[in-house]
Amino acid sequence: MMPSAIPDKVENSEKAQSVAFTKTGYLTGADNIFLRAEHDAVTINVSGLYFFERSLPYADLRETIRQYVDQSDYCSKKLRWPSDSAVPSSSFLTCPQWVPAVVNLDDHILRVQLPAPGTKEQLQQLVANHHNDPFDFNLPLWNVVIYEGYDNGTKSVVMMRAHHMIGDGQAFVRRLIEFVASKDPKTGEKQSVDEMQYHAGRVETEAHSTDSVQNAVLRKTSSKQTSALSNFVASFVYTLTMLIGFFNYLWILIDLYFISSHTMFIRPTQSKKRQVGWSTLVQLDQVKQVKNALHCTVNDVLTACVGAAIERHVRNKGLKVDPAMWFIIPTSLRPPTDTSISNMTSAYLLRVPCSGADSVKRVKDVHKRMKRQKMSPEPSVTFSAISLGFAFPNLIPEWMMQWGKRKFEVVLTNVPGPAKEILWAGEPMDSIVAFIPQAHANGIGATVYTYKGHVTVSICLAVDDPNATPSQPHPADALYVSGSAQAIADEFDTVFKELLEESRSIVESRKDR
């Protein structure tokens, strides 16, 4: 039985919702890269899936969505090219811009009834389709899908999605927190957005700040911060560190594009369909236990576990495993108090080794590489290159775009969500799962989302039609059968449990010394 859309029963007079619009402007290079990255087999959307413990009235959900739209100016923007068309221009030096739009909520809200009994697998099939649906560029580039009938009709699930060229994951999380805080008298008057969100983004921003190294040296060199000697030593160490970091970044690019092999996810077929899966809820405190035992960061632990899960899935299919996989690790450049809807994200290009069963070695290798890269100007250089290279969307040739993207097996982002329970339509969100795009049609998009003390990892990748015969069969086709995304998520659960036990053994062995 196919799911059916439920007709909207709102009166006609309520359908057109004109919302406030506060600014217009041309897309930046950091926006345009996501416009250019999209093609027939890959859409560049970001989505959040919100679970509630009970079935919520549609009228309440719709009213909250209306209020959110009224308070979020990005919801009333649409894309226009200089020709006043929504169709992308191929002209070399043209750039689209955001222009005001009148929003009809019926164009952006979809009500979907899950077929009985409303299982996780049935939900995942629909979520994958909706997450990867291309947007109508004649409308603002966002929508909301309300899934009814989940878990035998006892629970509601809501998906909010938008095109990545509007903003990054950090921006949407902060907008969500800002909105719910304003609606909840228990938190809105007492806590700021920054206080209600995990601070992973802040730590990363400080780690790759261009003056963090210099400030650290200044603190340690002399108690007299204004002394000529301390300033000289600080400047020398800072310059030396940046030079070493810059040459390390050059070596990373050489290794990525000209040395490393990339065979695991390369095949002739490009499916337009997607599948998704997500892990069980992992306690953040347990991730921190592993982090403390191995003297690394939470990101290091989770990145290594995702890499191990993917590697195990490839091995389980009997396929050849490359010596390493290359991850794009987005990192936020925005200050903790910035709640604007924009793209302020750069990235680390991380080589994650395929270490077989040795998960501890993999974590330590990831930590070593990330520590070295965080001391470099890599994110700033990457962001500057993106801003310049995509100032006009068509500056970069298409063949170069496709060649560059195919070198990455995984895009993995860590989104620090709300630290405390938040409400939507007056009801608490039980859990949140997020989804991001892939670098290319056969790559993997993985998202780590932290919410009220728990971590969830989601996987998005292509799925082949089981009834279709590939025109060019390839061994890698085995990675794209239905259920592969959930299989990788399940492997993540297994890998993390094993790593947790191993880290506990390491701590106990230290006590015995």
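Author: Buried means under 20% relative accessible area. The model discussed here is predicted.

Reader: Why is Arg362 called buried?

Author: Arg362 has a relative accessible area of 1%. The cut-off is under 20%, so Arg362 counts as buried.

Reader: What makes Glu311 and Arg362 a salt bridge?

Author: Their closest N and O atoms are 2.8 Å apart. The rule asks for a Lys or Arg side-chain nitrogen within 4 Å of a carboxyl oxygen of Asp or Glu, so the pair qualifies. Glu311 belongs to helix H12 (residues 298-316) and Arg362 to helix H13 (residues 359-374), so the contact ties together parts 51 residues apart in sequence. Glu311 is buried too, at a relative accessible area of 1%.

Reader: Why is Glu53 called partly exposed?

Author: The relative accessible area of Glu53 is 47%. Buried needs under 20% and exposed needs over 50%, so Glu53 falls in between.

Reader: How do you know that Glu53 forms a salt bridge with Lys155?

Author: The closest N and O atoms of Glu53 and Lys155 are 3.8 Å apart, and the limit is within 4 Å, so the pair is counted. Glu53 sits in the loop between strand E4 (45-52) and helix H2 (58-71), while Lys155 is in strand E10 (residues 155-163), so parts 102 residues apart in sequence are tied together.

Reader: Which helix holds both Arg369 and Asp365?

Author: Both lie in helix H13, 4 residues apart, about one turn of the helix.

Reader: How many salt bridges does the rule give?

Author: The count is 23.

Definitions and conventions. Residues are numbered from 1 along each chain as its sequence is written. This is a predicted model: local features need pLDDT of at least 70, side-chain atom pairs count only at pLDDT 80 or more; totals for chains, interfaces and linings use all residues. Side-chain values use heavy atoms; hydrogens and water are left out. Helices (H or I, at least four residues) and strands (E, at least two) are DSSP runs, numbered from the N terminus. Buried means under 20% relative accessible area, exposed over 50%, partly exposed in between (1.4 Å probe, protein chains only).
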